[in-house]
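The stops below go from a sheet to the nonpolar cores.

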Amino acid sequence: MPYLRKLFAFLSSFGLATSVLTGLLILTFLGTLEQVEYGLVESQTRYFESMFLDRIDVGACWRALAFDAYFDMGNLKLPLIIVPSGYLLLAILFVNLLCGGIIRIRKKPQTIGIFISHSAILLMIAAGAVAHQYSKEGILDLTEGQTGDEFKSFHDRVVEIEKVSADPKAKRSVLVIGDHLFRDLTTAGKDGKGRTFTHSSLPFDLMLTSYAPHAQARRDKDGSRTDAIDGYFLQPLAAQDANGGTMVDEQRLAGCIAIAKDKKDGSEQRGIICEESSAGWTVKSGSDTYLINLGRRTWALPFSLRLDHTEQEKHPGTERARRFTSKVTKLTDGHEEKRVVTMNEPVRSGGYAIFQQSFDDGVTSGTKVKRSGFQVVQNPSDHWPLISCIIVGIGLLIHFSMALARAMKWNQWIAVAVVLGLVAVWFGLALLKLL
């Protein structure tokens, strides 16, 4: 059909590829500028992890370029409606490469290198999508001698509802509400709106409102606040650090207002739940007690990790860190395995990669206890980018070798075999040196 042919021609065209790449370049530029005021997580979420871009903070970009020294633009924001964001553009690029670089390309010996390279680029884009949808990333903090088997997310927060049991051996059962369901309620408290969550196992419905990405529960000293609950109110805090820069998301402590409404008699219990709170908020229903917490999402590791010793190397004559190294013991079903985690040299096991992220010598913090922070990553497509880069290199080597052979009037296949053979020997020697 002519319409389908026109659609396929458009999806596989160089013009579409050029437009998409240009759009990605502009998004990267603007997202980098806004990162100065909004932080990495929020900028990345709006510019690359969403389908459409809702606005551009022109004022923030203007200040990031230091143009406010000549003219103060203020907080000017440009609202947008159907402008595609990075996630959608990469999806379009994937379709464009599939149609133009795989299906439409002429299948002949001279294009085999380009075909291989395009296939590898498709694998790289797919790796990004898989990592975005299915990867888990968090932090595991351990002091020397401490053992841990759970890691907490850097950015994902959850509200957990757990029934308190008097039996210490009872199996825990926790209901979890992801922050993607309530983090948009930042202004809900002003007009009384919120979002209600219900479950058949709960004797009450839970409404969440007035979510604050960075807040603290403070005492209502004079009793004058109308939004106070049990003598406390939720105070939003500035998201700037001591130096005036944007506070990273890991340092922020979120909070919100929770309202538990009994399903039978309609009675309400109100409370404030914050990340800073170690005890959580308790809800009574008859003889049962429920504990409600707001915190980071937690995942269990298939093994335990014990920090045996951690040390820091400094550049000679300075206090600047050169290397952080942690000696750990991996515990799996009673089996112990000694491992070493250091900067740029992670430990990989069971589909998890454990990186050395931070170090505390106990002096700066005043705890006198050494501590290591491990970044734990579970990514199903962890090695896909490396594999795709290798395949892209092989494809380009084949293409340029054949082009050179045609120009020099050599046998193309012999030239390809020689070049790939030399590369294989070089890789083999490099691998032997590493081992």
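Start with the open sheet: 4 strands in the order 6-7-10-11, with antiparallel pairing. Strands are DSSP runs of E of at least two residues, numbered from the N terminus, and two strands pair if DSSP finds at least two bridges between them. Select strand 6 (195–197) and strand 11 (268–274): each stands at an edge with a single partner strand, so one side of each has no neighbour in the sheet. From one strand to the next, the twist averages 25°, taken between N-to-C directions of lines fitted to C-alpha atoms, on a scale from 0 to 180 degrees.

This is a predicted model, in which local features need pLDDT of at least 70 and side-chain atom pairs count only at pLDDT 80 or more, while totals for chains, interfaces and linings use all residues. Residues are numbered from 1 along each chain as its sequence is written, and side-chain values use heavy atoms, without hydrogens and water.

Next, select strand 7 (residues 204–212), joined to the antiparallel strand 6 by 3 bridges. Methionine 207 in strand 7 is the bridge partner of threonine 196.

Which residues have the most contacts inside the largest nonpolar core? Select Val159, Phe204, Leu206, Leu208, Ile273 and Ile292, in a core of 21 residues. Such a core joins buried (under 20% relative accessible area, 1.4 Å probe, protein chains only) Ala, Val, Leu, Ile, Met, Phe, Trp, Tyr and Cys residues through side-chain atoms within 4.5 Å. Strand 7 supplies the largest share, 4 residues.

Now centre on leucine 208, which touches (heavy atoms within 4.5 Å) residues including Val159, Phe182, Cys256 and Ile273, leaving aside those up to four places away in sequence. Finish at another core, lying apart, of 16 residues, among them Leu27, Ile56, Leu93 and Ile125.

How values were computed
Buried < 20%, exposed > 50% of the residue type's maximum accessible area, 1.4 Å probe, protein only.
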